[in-house]
Amino acid sequence: MSLRQRYGTPLALAITLALLVKALILYGLWSAFFSAPQAKHMRMPTAKVEQHLLAPASPSPPPHNESRK
């Protein structure tokens, strides 16, 4: 069995290897930073988080454009 029959085209092999490496990197980052909270006592009520994230945006103040004479 030739290499091309076993693994397909070199481009397909390169794309597959790149996707596998990216998936491993993403899994490593997730497990390092997002798999568990560092401080379990720092919990916030769900309702308060929802209110903060889903609240309408407050209007920003107008830009400060004073012309100096």
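Ground rules: residues count from 1 along each chain as its sequence is written, and side-chain values use heavy atoms, without hydrogens or water. In this predicted model, local features need pLDDT of at least 70 and side-chain atom pairs count only at pLDDT 80 or more, while totals for chains, interfaces and linings use all residues.

**Exercise 1.** Work out which pattern the chain follows along the sequence.

*Solution.* Start with the DSSP runs: helices are H or I over at least four residues, strands are E over at least two, numbered from the N terminus. That gives three helices and zero strands. Reading along, you get α-α-α.

**Exercise 2.** Find where confidence is lowest and highest in the chain.

*Solution.* Next, go by element: helix H1 (residues 3-7) is lowest at a mean of 63, and helix H2 (residues 10-33) is highest at 94.

**Exercise 3.** Decide whether valine 21 is buried, partly exposed or exposed.

*Solution.* First place valine 21: it sits in helix H2. Then recall the cut-offs: buried is under 20% relative accessible area, exposed is over 50%, partly exposed is in between (1.4 Å probe, protein chains only). Valine 21 has 46% relative accessibility, so it's partly exposed.

Technical notes:
pLDDT = per-residue confidence, 0-100.
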